[in-house]
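Visitor: I am new to this structure and would like to ask about it piece by piece. Please show it to me before we start.

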Amino acid sequence: MNVYEAVTSRRAVRGFIGREVPEAVLERVLTAARWSPSGSNLQPWHVYVLTGEPLAELKKRAMERVATGDPWDEREYEMYPPALKSPYRERRSAFGRERYGALGVPRDDWEARQRAASANWECFGAPAALFCYIDAGMGPPQWADVGMYLQTVMLLLRAEGLHSCPQMAWSVYRSTVAEVLSPPEGLVLFCGLSIGYEDVTVRHPRTGRAPLDETVTFVGRAGRRLQAA
Ligand SMILES: Cc1cc2nc3c(=O)[nH]c(=O)nc-3n(C[C@H](O)[C@H](O)[C@H](O)COP(=O)(O)O)c2cc1C
């Protein structure tokens, strides 16, 4: 698989079969992902990989919280700015329509949306998951480093025939994740990443993207060529 194929075939997969992910494969991926770039080579990611019994225990504890209506943990970071402006607001709405529309969940049925979202706590059936922390003292550039690292992991997983789903959702149950992982003080849980083999019977609409000229501006010769076209 070349890099273009890895990039375009990666998507947030929300349905996995139970087939185990060999530990050697996870180790190979995470060994290679160490080569991700980071400002001044800080490598600010702290990663825990969960499989087997500990992952089952985490899913169970999270589902118990959902079942008992336990409120979410106090936020350590805001997932999104409180008032999203255009065009982000429209993109977010379009994503919600695509994701929940495909599941047949009506737009204003908040409870049904929550039920669909609760599949997050089962890691969508994935037999492996990674949890990525960052030191609380780090700033936006280091959070960007962590994002690059996670994309590197996701692309390498594609090269191994695996799929994944990044999940900020886990941050709302960060104390439950911490009960299972016991991370040292001072780390913030950025997100989880479910990992496994895709369940191809689960319907997945391809999430769209903005046209190139909405997010990229070419300046110089390439720009002139685009304008002429
Ligand atoms: C940092 C990050 C956090 C995300 N959190 C969640 C999540 O909690 N649950 C979920 O189902 N998808 C989550 N996603 C997946 C996005 O919804 C998805 O990447 C986006 O809609 C684009 O779709 P695609 O990845 O399938 O192309 C997350 C993605 C990123 C990059």
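Predicted model: local features only at pLDDT ≥ 70, side-chain atom pairs only at ≥ 80, totals over all residues.

Visitor: Are α3 and α7 roughly parallel or roughly antiparallel to each other?
Guide: Helices (H or I, at least four residues) and strands (E, at least two) are DSSP runs, numbered from the N terminus. Axes are lines fitted to C-alpha atoms, for helices over the stretch in contact, and angles run from 0 to 180 degrees between N-to-C directions. Helix α3 (residues 52-67) packs against helix α7 (residues 174-181) at an angle of about 150°, with the axes 10 Å apart. Angles under 35 degrees count as roughly parallel, over 145 as roughly antiparallel, 65 to 115 as roughly perpendicular and the rest as oblique, so α3 and α7 are roughly antiparallel.

Visitor: Which residues of α7 meet α3?
Guide: Contact means heavy atoms within 4.5 Å. On the α3 side the residues are Pro54, Leu58, Arg61, Ala62 and Arg65. In α7 they are Ser175, Thr176, Val177, Glu179 and Val180.

Visitor: How do α2 and α6 lie to each other, and which residues of α6 make the contact?
Guide: α2 and helix α6 (residues 140-159) pack at an angle of about 140°, with their axes 9 Å apart. The two helices are therefore oblique to each other. From α2 come Val29, Leu30, Ala32 and Ala33, and from α6 come Tyr149, Thr152, Val153, Leu156 and Leu157.

Visitor: Which residues of α5 are in contact with α4?
Guide: The axes of α4 and helix α5 (residues 110-117) come within 11 Å and cross at roughly 75°. α4 and α5 are therefore roughly perpendicular to each other. Gly96, Arg99 and Tyr100 of α4 meet, in α5, Arg113, Ala116 and Ala117.

Visitor: Which side chain has an N or O atom 3.5 Å from an oxygen atom of the ligand?
Guide: Of the 16 residues around the ligand (a heavy atom within 4 Å), Ala12, Arg14, Met168, Ala169 and Arg209 come nearest. A backbone N or O atom of Met168 lies 2.9 Å from a ligand nitrogen, and one of Ala169 lies 2.9 Å from a ligand oxygen. The side chain asked for, with its N or O atom 3.5 Å from a ligand oxygen, is that of Thr207.

Visitor: Which residues does the cis peptide bond join, and what is omega?
Guide: Most residues other than glycine have a negative phi, and most peptide bonds are trans. Pro87 lies in the loop between α3 and α4 (88-102). The cis bond joins Ser86 and Pro87, and omega is about 5°.

Visitor: What is the phi of Ser40, and where is Ser40 found?
Guide: Ser40 is found in the loop between α2 (23-33) and β1 (45-51). Ser40 is not a glycine, yet its phi is positive, at about 55°.

Terms used
Residues numbered from 1 in each chain as written. Heavy atoms only, no water. Polar contact = N/O pair within 3.5 Å; in protein donor to acceptor, adjacent residues only side chain to side chain.
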